[in-house]
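Hi,

Here is the structure I promised to pass on. Have a look at it first, and my notes follow below.

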Amino acid sequence: MSHPVSPDAADAAGARGERVFVKSFGCQMNVYDSQRMTDLALTQGYSETADIAEADLVVFNTCHIRERAAEKLYSELGKAREVKQARAAEGKATKLVVAGCVAQAEGREILRRQSAVDIVVGPQNYHRLPALLRARGAVVDTDFAVEDKFEQLPPPTEAATRGRGVSAFVTVQEGCDKFCAFCVVPYTRGAEVSRPADKILAEIARLAEAGACEFTLIGQNVNAYRDEDGIGLAALLSRAADLPGVARLRYSTSHPNDMDEALIAAHAENPKLAPCLHLPVQSGSNRILRAMNRRHDVAAYLDIIARVRRARPDIAFSSDFIVGFPGETEADFEATLALVEAVGFAFAYAFKYSSRPGTPAADAPDQVAAAVIEARHARLFALLESQRQAFNRATVGRRFGVIFDKPGRHPGQLIGRSPYMQAVHAEAAAERIGLMSQVEIVDIRPNSLRGRLVEAS
Ligand code: SAH
Ligand code: SF4
Ligand code: F3S
């Protein structure tokens, strides 16, 4: 079933001067989807606004990964309800849409908790928004669509692509088949699906033409990417590197079990691939990894780290950790600290375990006390922070390519990203925005590096 986009609707919304406001929560996949929903609204004649009070169409693209993420939605919806009521008093209608992972997980429950909501649409169904907008009364669309949403979405308009910035995300893979015991993603995003390589490359080429030069290929398990012709992530990255205008490539997020030889070799062979690998490990205890259903142990993780380092000695690793998974003992936690010491991360996220309804770990009897989680989290955070600072310090005196993407706080200054994702600011002419510049790092600040322009490249 598909709902082709109607040009009449575009004319109608455009003629009425209607505006769309989209707010994204959660991961990069949601950032990408939010962009595509905005594009879709633009093809329907809406124009974009950053002011919710001006919006005829309000979309919250939501995240369900931790309890706090999901709860944030309801406080946002409470505020949106007031805006909607104030607009109604002025005779203006507002459609309120909840999209994304909370929509998928909670469906109709959202309408019960907040009656101001008009549309609830899951992450696999948002290409149907134009039809849903035409429906009367509240609607919920969270069946996993059989058709491919990317095929149904109209290509973004020229205007939408222009000015999108120099760094772009492109979703290449969606969904997850791994079923880690703590995680909602397999339920909210469905099974692993890869987009055809030629469609992805065409999208990158179009974004490059519009001014982007750094591309992050994203997926819930991006290194599980394999399209119907058998093209894997390493081959996709190699083809992307050959496209005109592509200066730097990244990919995120990877699962240790999908790190194959070809992808490791790409870190040695693909000169445009940034020397970074985000490889979540979650825990340094084999017992906890087993309970989490991660399907690899500490030794296997460290072996991947060693192999990637051999392929690319200057690689920087980052990771995700969960503190306080049910059953985690002091000894398990110490093993996590030991793993962090053994690897040495450029940065990493430490999350406090959050029990998610419907996941296997939610019913585990041995939940860890909140105060214990708090204390362990503080210890892990301190260790990760010291590693991050050490990594940043070690870049002083190094030269590398920085892609500037915006003006800095002080006149004559630009801000960009190092190959390692660090924010770098340096004195440089505004024309350098969107270009790769050679920069020498001269100093570090708490959250950025100060650089000196060496030469243009
Ligand atoms: N697909 C990726 C990441 C998905 S979610 C992967 O496999 O690594 C991003 C991170 O959120 C996870 O790596 C995990 O560290 C964290 N996370 C997921 N569920 C969580 C939960 N219930 N409580 C706390 N953190 C969680
Ligand atoms: Fe969640 Fe695990 Fe899948 Fe990552 S691999 S999305 S943590 S179930
Ligand atoms: Fe959140 Fe869904 Fe992404 S739960 S992290 S928005 S896949």
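Is Glu440 buried or exposed? Glu440 counts as buried, at 17% relative accessibility; buried means under 20% relative accessible area, exposed over 50%, and partly exposed in between, using a 1.4 Å probe and protein chains only.

Before going on, a word on the source: this is a predicted model, in which local features need pLDDT of at least 70 and side-chain atom pairs count only at pLDDT 80 or more, while totals for chains, interfaces and linings use all residues. Residues are numbered from 1 along each chain as its sequence is written, chains are lettered from A and ligands numbered from 1 in the order in which they are written, and side-chain values use heavy atoms, with hydrogens and water left out.

Now the salt bridges (a side-chain nitrogen of Lys or Arg within 4 Å of a carboxyl oxygen of Asp or Glu). The count comes to 34.

Glu440 takes part in a salt bridge with Arg399, at 3.1 Å from N to O. This pair links strand β18 (residues 436-444), which holds Glu440, to strand β15 (residues 399-407), which holds Arg399, 41 residues apart. Strands are DSSP runs of E with at least two residues, helices are runs of H or I with at least four, and both are numbered from the N terminus.

Glu440 also meets Arg452 in a salt bridge, at 3.2 Å. Arg452 lies in strand β19 (residues 449-456), 12 residues from Glu440, and is partly exposed at 41%.

Another salt bridge joins Glu174 and Lys149, at 3.0 Å. Glu174 is buried at 7% relative accessibility, and Lys149 is buried at 2%.

Enjoy exploring!
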